[in-house]
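Please look over the sequence and the model shown here, and then follow the account below, which moves from helix packing to the ligand.

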Amino acid sequence: MGKDPEHAKFFDWRMALSHAIRDRIVDRWVASTRRTYEQDGKRVYYLSMEFLIGRLLEDGIVNLGLVEEVGETLRTFGIDYRSVLEDEPDAALGNGGLGRLAACFLDSLSTIGCPAMGYGIRYENGLFKQSFVDGRQVESPETWLQEPHPWEFGRPEVRFTLGFRGEVTTENGRTVWKPSELLQAEAFDTPIVGWQGRWANTLRLWAGRAVDPFDLDRFNAGDFAAAAEHEALARTISRVLYPEDSNEAGKELRLKQEFFFSAASIRDILRRFEGQHEDLRALPKKVAIQLNDTHPAIAGPELLRILHDERGLSFEEALEITHGCMNYTNHTLLPEALERWDERLFGRLLPRHLQIIDRIDDAHYRANPTRLLSARSDGQVKMGELSFIVANKVNGVSALHTDLMKKTVFKDLHGLHPDRIVNETNGVTPRRWLHSCNPGLSSLITDSIGDGWIADLEQLERLEPFIGKDDWLHRFRAVKAENKVTLCDYIAERHGMRLNPDAMFDIQIKRIHEYKRQHLNILEAIAHWQEIKDTPGGDWVPRVKIFAGKAAQGYHFAKDIIHLINDVAKVVNADAETRDSLQVIFLPNYNVTLAEHLIPAADLSEQISTAGKEASGTGNMKFALNGALTIGTLDGANVEIRERVGEENFFLFGMLADEVMQRRMIHDHAQQAIAADPRLARALEAIRSGTFSPQDPGRYVHIADNLTWSDYFLVCSDFSAYWQAQREADHAYRDPDLWARKAALNVARSGWFSSDRTIRGYMCDIWGAESLLAP
Ligand code: CR6
């Protein structure tokens with residue numbers, strides 16, 4: 001770093017260490033790439049608008065098995081290892097579960113040795129930073145790239161010129177698209193090293209650049225701002241991550257971003273293929289493309305366009321090749337989150353692609369004349385339908401979600417193509433989400449069954465015989481207790497609040513959304529607080545309720561829920577009568593790193609979405625794997641978690657997906673529920689009357705009104721059952737050994753939720769790809 005150690009800051013140590021680790025990764029990376037070219041097997045390309053990778057330094061150290069050496073080396077300099085790690089900003093190139101799933105998949109692809117590449121956007125500003133001012137969410141830009149980023153390799157030689165708008169003409173019988181607005185995509189590569197450094201793949205992110213970055217004439221004429229205008233405009237395309245979650249922004253820039261990274265990736269894939277092969281018809285044998293949700297769906301028509309317009313294959317042949325390469329993962333059934341573009345906007349930006357989509361529809365109809373199901377209809381381009389029609393396989397992300405896909409959004413298309421939809425239940429990487437984030441539990445497991453579980457998580461089953469032994473269970477309890485104390489210190493230091501480490505740690509961390517029902521959780525907390533106040537000396541099971549999560553900037557109701565939780569926390573935490581039994585805290589700026597601190601310390605995992613709404617969830621898996629019990633509905637992957645960990649080790653409550661649909665038919669379902677449950681009525685009344693906002697008593701009337709008069713997400717109808725399940729949790733927590741046994745069984749039986757298992761499923765059912773590592 002060119003500095004005397006005496007003057008080095010943590011930043012300098014981190015950079016020095018990162019470069020040392022990076023050096024060791026590069027050798028393996030180059031070897032893996034060489035091997036991939038030599039073997040010439042099928043390669044997987046994972047196209048995703050989001051990669052929520054978080055920090056990378058610890059990943060590298062852990063995967064290369066250098067934890068001890070690094071710790072020791074830093075010690076000789078008198079530098080604390082943890083403080084160096086804590087200096088790294090999170091790469092927050094994603095909103096939530098979808099982006100984090102993509103990051104877990106990269107880890108698993110490298111661990112398994114599947115030749116693969118992730119393609120996405122190099123956002124200069126990741127997901128916004130969240131802070132609270134008087135309990136309200138305030139957003140500020142996230143600037144992770146302001147410091148040098150040691151993990152990326154700029155590839156200025158890998159650039160593609162892309163275009164928008166312009167005209168479609170015919171030249172010598174071929175259709176030619178002449179875009180009028182040009183820009184370049186420049187590649188930045190990050191190596192992704194797998195467990196034990198046996199394999200490394202590449203994450204390639206595209207940045208926007210101007211074709212002619214600087215206008216010297218304008219500069220010399222004195223118009224300095226205009227001289228750099230092209231560059232500024234081109235760069236905006238990779239400037240921001242849309243801060244939306246399950247909710248479409250519908251902006252022109254968003255569509256441009258989607259085309260930008262999809263088209264650059266397709267060109268890159270073709271360039272690589274054509275460097276090694278002559279016959280484009282072999283493409284599906286060598287290339288599997290996975291569309292992570294519909295954001296990269298335009299990759300289909302773009303590949304088709306190049307094959308047909310530029311390489312001269314017939315339309316039918318081009319379509320067949322495209323179909324052979326493309327697959328699509330659906331991540332939500334929420335209608336507002338299924339992308340649809342106004343055909344005029346779409347046609348203006350991508351005139352040739354609109355024509356191609358019509359021809360795709362045409363060909364699909366001719367092949368399936370029984371029904372007219374098209375991607376373009378009602379003045380819109382429907383990206384879900386387009387992806388389905390173009391894809392070879394379409395998958396859901398949990399058993400329930402896949403089943404609902406067949407019955408709802410894709411019912412008709414599924415009828416035409418009954419073999420197309422498959423299920424691949426999500427998973428999480430055990431390297432980050434157990435081994436690294438929970439060193440105490442990781443050591444206990446390794447002491448008990450060896451370290452084979454880290455790359456073969458189902459070996460956790462072998463823990464079951466230990467769970468009956470008192471001394472083992474004692475150690476297991478001690479690990480959780482220690483993790484809770486560590487978290488208490490962390491929170492005290494950063495947020496000035498002392499939590500009671502003996503209380504049950506009850507945690508809900510995820511994006512704030514009505515369907516995820518953070519408001520159900522806080523309503524129950526209010527009712528519980530009221531009950532404690534009725535009998536202050538009562539024998540209550542102490543609770544600490546922890547929340548964290550960001551609300552989309554324009555989602556006002558979600559932001560009001562955050563405000564309410566902060567206001568409730570203020571009142572409850574200041575109450576001397578209840579302080580020993582209940583504490584509430586909302587931690588700001590939830591991100592991957594904060595999740596790594598929280599999950600190992602959790603006793604109770606809140607997975608309480610309205611049934612039928614959460615496609616899978618992945619936080620639910622991380623908690624179970626770290627020995628928390630779930631309180632949850634039968635939604636998403638909760639269903640499969642409960643099946644595996646055992647129903648006696650899971651606090652189930654609430655309506656089922658089909659009951660939810662029935663219940664909505666009752667016009668006064670919420671009022672009926674309120675009338676039947678005095679606790680609920682009293683909690684709502686406290687919100688309505690300003691108990692938590694005395695200076696502004698009307699602040700939460702609209703939340704109480706919404707829950708009383710519309711309550712689309714059935715908070716009121718599920719309240720009583722939720723309350724009951726919470727009391728069951730209290731009851732179980734009174735017996736520490738019983739609780740520990742249940743928690744340990746959650747660990748032992750969560751091995752199936754490894755993303756290694758998920759990726760093997762994709763390789764076998766969808767991609768037809770193979771590992772290049774010796775077993
Ligand atoms: N919001 C689902 O809602 C799922 C992830 C990853 C989501 C969530 O249940 O676990 O994808 N969907 O499959 C979308 O982002 C559209 C999510 O993260």
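Are H22 and H31 parallel, perpendicular or oblique to each other? This is a predicted model, in which local features need pLDDT of at least 70, side-chain atom pairs count only at pLDDT 80 or more, and totals for chains, interfaces and linings use all residues. Residues are numbered from 1 along each chain as its sequence is written.

The axes of helix H22 (residues 518-534) and helix H31 (residues 715-733) come within 10 Å and cross at roughly 55 degrees, and the two helices are therefore oblique to each other. Angles under 35 degrees count as roughly parallel, over 145 as roughly antiparallel, 65 to 115 as roughly perpendicular and the rest as oblique. On the H22 side, His519, Leu520, Leu523, Glu524 and Ala527 meet a set in H31 that includes Phe719, Tyr722 and Trp723, contact being counted when C-beta atoms, placed from the backbone, lie within 7 Å.

Turning to the ligand, 18 residues surround it, the closest being Gly97, Leu98, His331, Ala615 and Ser616; a residue counts as near when its C-beta atom, placed from the backbone, lies within 6 Å. Because domain 2 (40-55 + 90-426 + 759-767) and domain 3 (479-753) both give residues to this shell, the ligand lies between them, the domain bounds coming from an automatic or database domain assignment.

Definitions and conventions:
Axes fitted to C-alpha atoms, helices over the stretch in contact; angles between N-to-C directions. Helix = DSSP H or I, 4+ residues; strand = E, 2+ residues; numbered from the N terminus. Contact = placed C-beta atoms within 7 Å.
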